[in-house]
Structure formats: structure tokens, C-alpha cells
Amino acid sequence: EKSPHIYTREEVRSHSSPETRIWVTLGCEVFDVTEFVDLHPGGASKLMLAAGGPLEPFWALYAVHDQPHVRELLAQYKVGELSPEDKAPSTLQTSDPYADDPIRHPALKVNSQRPFNAEPPPELLTENYITPNPIFFTRNHLPVPNLDPETYRLHVVGPPGCQSLFLSLDDLYQFPKHEITVTLQCAGNRRSEMTRFKEVKGLAWNTGAISTACWAGARLCDVLAKAGHRLCETEAHVCFEGLDSDPTGTAYGASIPLARAMDPEAEVLLAYEMNGQPLPRDHGFPVRVVVPGVVGARHVKWLGKVSVEPEESYSHWQRRDYKGFSPSVDWDTVDFDSAPSIQELPVQSAITEPKDGETVQSGEVTIKGYAWSGGGRAVVRVDVSLDGGLTWQVAELDGEEQRPRKAWAWRLWQLQAPVPAGKKELNIVCKAVDDSYNVQPDTVAPIWNLRGVLSNAWHRVHVRVTP
Ligand code: HEM
Ligand code: MTE
Ligand code: MO
């Protein structure tokens, strides 16, 4: 075996820009990751924080790197090792930015602690039409900011020639209070099913990255009007910035088209209440955006700033993430500029009971789940099969009736069905239909994408039957 090239920390430090190439270390190994920087799922700017030095202090913040596939990826870029006298662990200290995160409910299934990402277990998810706040799924990209409601101000940038508004919570309470029930779904919901087909990069959500709450707040269109904004002829976008930020000071950001923001019928909210309570810290205290019918990523939490811009938000999460691609696109060929940002989500449904691998009694089986579609499209039907999709029965839709074009919340559904005599196992499948007659694809293969978003194939659960 060839002995590795030996470098000093000093030499590694000199490789910290594209011109000099970008090197990092992990343990005593040295890597040249220049070619990977633009492909980094966490963004090029974050990776660049570690350029010329050790990864440990940064990876300590993002547990997503503690996976074999990440280590294997890094291994491909190995160029050598640190000299023996340089192997002492780096003295770089990082105080824990997550130390101040709130306490969470023990029922949550945690996908990542830092940042905190967790979903309710299926057996709790559809127990209530309104998801109780403590088990509402949580998707954080960064530490949770601790904001003082007394000094909180929402910066609303005015149109050219107009002044900005700096709204206190009391100012927001002066706008007409609007209340709506809205289901929020992460673009990565059910990603784990895509991963099982072929590896993707992202948190391994099961069926629980979706929840429903009754939100109350000021309508965004009222606040924008107060700041002097009008609907304009040219394309424009409303950009949101959170008060959570990464080690570079970059805030979470996203945008939606101005036309949706200004449409009173679209009911976009600056919400300060969730199920009659002030927003919990994990869900954006004191103010978050709620964009009914639109992917979770645009519902910016801990809202700090709203502005109207000619272009979409330049945020990583608007431009370099939360987009769909052909199954043929891989990390070597992906061009994020070529695909639109995800806004309205496609029709979705999943089985929450029974669970995959469970054993059910012969006689009769009860099947439960949820169904939802983006853009305010109502769920008109859920079909359930016990034989892998050969024959179908129509499930009963529970929960509240949906308003046409404003069906912002899910339908829970259930089916009680006799277990066909002699069956030793069931392949239970569900699929929903929305009021545009959109349907779910039967398998993952044709919708697989490298980031594992928009995973809405028929949901399948395999159970055994006790004789
Ligand atoms: C995600 C690799 C450096 C922050 C990821 C993922 C990979 C990766 C493969 C996706 C993992 C998955 O979801 O399965 C690397 C490599 C690095 C590096 C090879 C160095 C050469 C960094 C640094 C930071 C960082 C220095 C922060 C300062 C993140 C974040 C995500 C991520 C925040 C999560 C993105 C998301 O799912 O929202 N990284 N990373 N990474 N990385 Fe890195
Ligand atoms: N807003 C800020 N400021 N920071 C974030 O990390 N995550 C987004 C969105 N808003 C996020 C954010 C994503 S991807 C989703 S799916 C939803 O918040 C999740 O909202 P929840 O945690 O209240 O369920
Ligand atoms: Mo999300």
C-alpha cells in the first residue's frame, strides 16, 4: 500500500478558496472537496465555513453528517493525512447554539436533534383532526431563536418612496384577526420511501411530516396594503426572512408570488396563534407566515422581514433546495436554476393504521389515514385496496367539509373491511383523488428525485393476519 501524502495544518489552511482549492480535515485525514462545494446539500456557503480547517466543530452542529454515506462521500476526496505533530485535535471551540432550544414532547420521533426535526408517530397523527401543538411535526434548519415579544418588531419594507413599517405584536393585533385551519406538509414528507427505492440526500421522514392546526393572525394582504403595496402588472415576489440564522449570519428565507400574497382569497397569514395559543417556540414564536396550500418551506417561522422584490428570494432554500427533478438527474448533472421552486403541493395520502409489519386479527380490519392536496384542492375520494391494488374500496371521509378552492386542511379517512377468509397477509394500499382529478402515482420509481421531495406514491402497508 502506498503511504499517504503528509500535510501540516498550515498547508491545509492555505487551501481555503476555489483558486487555491478547498481542503478540509476530519480526524487526521485531509480532503480536497473543491468539486463537491457546489453540490453540498447544506449549501456551498456553509461548507466554505470549514474551508482550510477541521470539519468537527461544524459537523457537531449538524448531526446529518453522522451517517456512513456521508463518510463514504468524503472518503472519495481524500488527498492525504496530517503530519504526526499536527494530529492533536483542533483547539477550535464552539459554544452549543442549540443549548437554548425548547423542551420537546417525548412522543415525537426524532429525525435529527441539531437542528431539531421530528414527526408524530402514525398512531397519534390521525387521532385528532387538529394536531395538538406539542406533537405537531417540527422542521428546523437552525437553532430556535429566543425572541422577546416586547421588543419584537416585524420589518415590512415599503414600496419605493414609502417608509418601512416596524410592527410590534400589538400593531399586528390591530389588523382584522383572521382564523383558518391549514394543513402544513414538508416537501420531504415520506422521503424514507424514496430512499428505500434509491438513495437520496435528506432527512428520512416517514409519513408524519404533515400536521394540521387552526392558525390566527393578520392577513398578509392587509399588512402589505398598509405598507403601501399594490398588486403590480410585472412579476413580483414577497420575500420572507426568519430571525434564525446560521454561523455566517445568513437567515432562513423563502418567497411566494406577490399575486398569491395580495389575493384575499388565498388567505396568507402572518400568524401569531396556533390552536388558540401563542405560537410555540418551535413553530415560529412570535410570528410566522402561513401560506395555505403551499409547501411547508414557504411558511417562514420567527418572521423578521417582509419585502416585495422583482425576483424570488435568493435564499438557499428557495433556489438550491425544495425543487423537483427527473429521476435521470443526479448530483453531477443537477442544475437547480432549471426547475421552478416548489409552491403548491401535489395530492397526498397515507395509511396511519395499521402499521407496516403489524399483525391484525382475522374477521375485520380498520384502516385509517389522512389525505390532502395543495392549492386549496379538495380531496374528493380515497381508494383503499387490501390486495396490493387489484381491487379497491372507497374509504369514508371524516373531519370537516372542505370549501371549494379553499380546501386548506386534510381529510382524515377510514375503512372497515372484512378480511377475506383464508388470507395470511394483506397488502394494504391507499390513494387519494383531488377535485381536479389529480391522482397519486402507483410507485416511487417514476417520481424518484435526488433530494427525495414530493414523495406521494400510493402508500403501502404490509400486515400479517392471525389465523
Ligand atoms: C447536509 C456533506 C460540510 C452543513 C449534508 C449532506 C451531505 C453533506 C452528504 C446530506 C446528508 C443527508 O441528508 O443524507 C458534507 C461534506 C462536507 C460538509 C462532505 C465537507 C466537506 C458542512 C459544513 C456545514 C454543513 C461545514 C456547516 C457549517 C450541512 C447542513 C446540511 C448538510 C445544514 C443539511 C441540509 C438539509 O437537509 O437541510 N452535508 N457537508 N456541511 N450539511 Fe454538510
Ligand atoms: N422558517 C424558518 N425561519 N426556519 C426554518 O428552518 N423551516 C421550514 C418552514 N419555515 C423553517 C421555516 C420548513 S422546510 C417547514 S416544512 C416548515 O417551516 C415546518 O414548520 P413546523 O416546524 O412548524 O412544522
Ligand atoms: Mo420542509
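1. H462 counts as partly exposed because its relative accessibility is 25%; buried means under 20% relative accessible area, exposed over 50%, and partly exposed in between, with a 1.4 Å probe and protein chains only. This residue belongs to strand β27, residues 459-466. Helices (H or I, at least four residues) and strands (E, at least two) are DSSP runs, numbered from the N terminus.

2. The model is predicted: local features need pLDDT of at least 70, side-chain atom pairs count only at pLDDT 80 or more, and totals for chains, interfaces and linings use all residues. Residues are numbered from 1 along each chain as its sequence is written, chains are lettered from A and ligands numbered from 1 in the order in which they are written, and side-chain values use heavy atoms, with hydrogens and water left out.

3. Which residues are in contact with H462, leaving aside its neighbours within four places in sequence? They are K355, D356, G357, E358, E425, L426 and N427, where contact means heavy atoms within 4.5 Å. H462 and E425 are 37 residues apart in sequence, and their C-alpha atoms are 7.3 Å apart in space.

4. N133 is found in the loop between α5 (122-125) and β8 (138-139). With a relative accessibility of 13%, N133 counts as buried. Residues up to four places away in sequence not being counted, N133 touches M274, N275, Q277, P280 and H283. Its side chain reaches the backbone oxygen of M274 at 3.1 Å. This is a polar contact (a pair of N or O atoms within 3.5 Å; within protein, one must be able to donate a hydrogen and the other to accept it, and residues adjacent in sequence count only if both atoms are side-chain atoms).

5. Around ligand 1 there are 26 residues, of which H40, H65, Q67, H69 and G202 come nearest; a residue is near a molecule if one of its heavy atoms lies within 4 Å of it. A polar side-chain atom of H40 is 2.8 Å from a nitrogen atom of ligand 1. An oxygen atom of ligand 1 lies 3.2 Å from a polar side-chain atom of Q67, and a backbone N or O atom of G202 lies 2.8 Å from an oxygen atom of the ligand.

6. Two or more residues of the shell around ligand 1 come from each of α2 (44-48), α3 (56-59) and α4 (68-75). Helix α4 gives the most, with four residues.
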